[in-house]
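The following dialogue is a tutorial on how to read features of a protein model.

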Amino acid sequence: ASLSLQIGNNMNKAIASLIYKPLEKLPSERDLMSQFNVSRATIREALMSLQSSGLIVVRRGMNAGAYVSEINPNPITENFQNLIKFGLINFVHLTEARLYIEPEAARIAAICRTEKDIEMLNELFSKAESSLKTSNKAARLINIHFHVEVAKVTQNPIITFISESITQIYSTVIIEMTQTRLSKSDVLKNIEAHRYILDSIMRKDEKEAFERAKNHILGVYHTYRRIIPDVPQRDIKEFESRLGDFKYRGKTS
């Protein structure tokens, strides 16, 4: 392996073991050159590799240097966005992914939610409804985070990261594509649908939370299917042929 790859692997392990903590500045290039006894070019190549993997950010100007990234789903999101740009995935694929994740997250949230979780979700709705008075887009950007916050209640970081990635795609791509095509009443309807899901979570009705989350995602799908152009019919047909697979599989009593 190249020297830069070896150094990148060593620094990767140091970050993973919290020798360098999130948001902490790494040693300077000069110090790293001395530490590893290599050239500046080799250090920069190693840092570029760490940056492309999302482990560090390199800042210019004041406070310049390499900093450990705060753990977030941005690298996953960027890959998804590139797939969208190249036409390899579309909102139908995103909808199907959401159906595998979000109804189950709502079910788990109904089991383990706390009063603090409920309070936080209600505050989110209040912010979305307040923003709706001045901006449909702002209200939608706030409202879409309902799904992320529900995922956080599960306390499973994988579910949370995937949910955050899909939510960011909706925020940066889908909402942008549809912002002039949804009315204020459409946005309010989505906020109310989220309140409906929260009602089930509050009452700890796991089956109802699952079904309401599923039905909400399908409702959004049917809305977007009408207004998002150029979605291949084969993707729609394949997805709709599998809709019967998305069933509640928990306790029935």
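Q: In which loop does Lys 204 lie?

A: This is a predicted model, and in it Lys 204 lies in the loop between H10 and H11. The two flanking elements are helix H10 (184–202) and helix H11 (206–227).

Q: What is the value of phi at Lys 204?

A: The general idea comes before the case. Most residues other than glycine have a negative phi, and most peptide bonds are trans. For Lys 204, phi is near 60°, a positive value in a residue other than glycine. Asn 37 also has a positive phi, near 55°, and is likewise a residue other than glycine.

Q: Where does Asn 37 lie, and is Asn 37 buried or exposed?

A: Asn 37 belongs to the loop between helix H2 (29–36) and helix H3 (40–52). Its relative accessibility is 68%, so Asn 37 counts as exposed, the cut-off for that word being over 50%.

Q: How many helices and strands does the protein chain have, and in what order do the elements run?

A: The secondary structure of the protein chain comes to 12 helices and two strands. Read from the N terminus, the order is α-α-α-β-β-α-α-α-α-α-α-α-α-α. Along the principal axes, the C-alpha atoms fill a box of roughly 65 × 45 × 40 Å. The chain has 253 residues, of which 42% count as buried. Among contacts with a separation of 6 or more, 71% come from residues 24 or more positions apart.

Q: How many aromatic pairs does the structure hold?

A: A pair of aromatic rings is described by the distance of the centres and the angle of the planes. The structure holds seven aromatic pairs. One of them joins Tyr 100 and Phe 246, with 4.8 Å from centre to centre and 65° between the planes. That pair is edge-to-face, because planes over 60 degrees apart receive that name. The pair links distant parts of the chain: Tyr 100 is in helix H5 (residues 91–112), while Phe 246 is in the segment after helix H12 (233–241), 146 residues apart.

Q: Which residues do ring pairs link into a cluster?

A: The cluster consists of Phe 91, Tyr 170, Tyr 221, Tyr 224 and Phe 239. The charged end of Arg 98 sits over the ring of Tyr 170, 4.9 Å from its centre. Elsewhere, Arg 59 lies over the face of Tyr 67, at 4.0 Å from the ring centre.

Q: How many cavities of 30 Å³ or more does a search of the whole structure find?

A: Rolling a probe the size of a water molecule over the atoms shows where empty space is left. Here the search finds two cavities of 30 Å³ or more. The largest cavity contains about 150 Å³ of space. Its lining has 13 residues, with Asn 143, Ile 144, Asn 190, His 194 and Tyr 224 nearest the centre. By class, this lining has six nonpolar, five polar and two charged residues. Helix H7 (136–143), helix H9 (157–178), H10 and H11 each supply at least two of the lining residues.

Q: What is the volume of the second largest cavity, and which elements each supply at least two residues of its lining?

A: The second largest cavity has a volume of about 70 Å³. H5, helix H8 (146–153) and H9 each supply at least two residues of its lining. Among the residues that line this cavity are Ile 101, Glu 102, Phe 146, Ala 151 and Ile 159. By class, there are nine nonpolar, two polar and one charged residues in the lining.

Q: Where is Thr 160 placed, and with which residues is it in contact beyond its neighbours within four places in sequence?

A: Thr 160 is in helix H9. Apart from neighbours within four places in sequence, Thr 160 is in contact with Ala 151 and Lys 152. Thr 160 has a relative accessible area of 10%, so Thr 160 is buried.

Terms used:
Residues numbered from 1 in each chain as written. Predicted model: local features only at pLDDT ≥ 70, side-chain atom pairs only at ≥ 80, totals over all residues. Heavy atoms only, no water. Phe/Tyr/Trp six-rings, centres within 6.5 Å; stacked < 30°, edge-to-face > 60°. Helix = DSSP H or I, 4+ residues; strand = E, 2+ residues; numbered from the N terminus. Lys NZ or Arg CZ within 6 Å of the ring centre and 35° of its normal. 1 Å grid on protein atoms, 1.4 Å probe; cavity = no way out; pocket = protein on both sides within 12 Å on 5 of 7 lines; lining within 4 Å. Points joined across faces, edges and corners; volume = space filled by probe spheres on them. Nonpolar A, V, L, I, M, F, W, Y, C, P; charged D, E, K, R; others polar. Buried < 20%, exposed > 50% of the residue type's maximum accessible area, 1.4 Å probe, protein only. Contact = heavy atoms within 4.5 Å.
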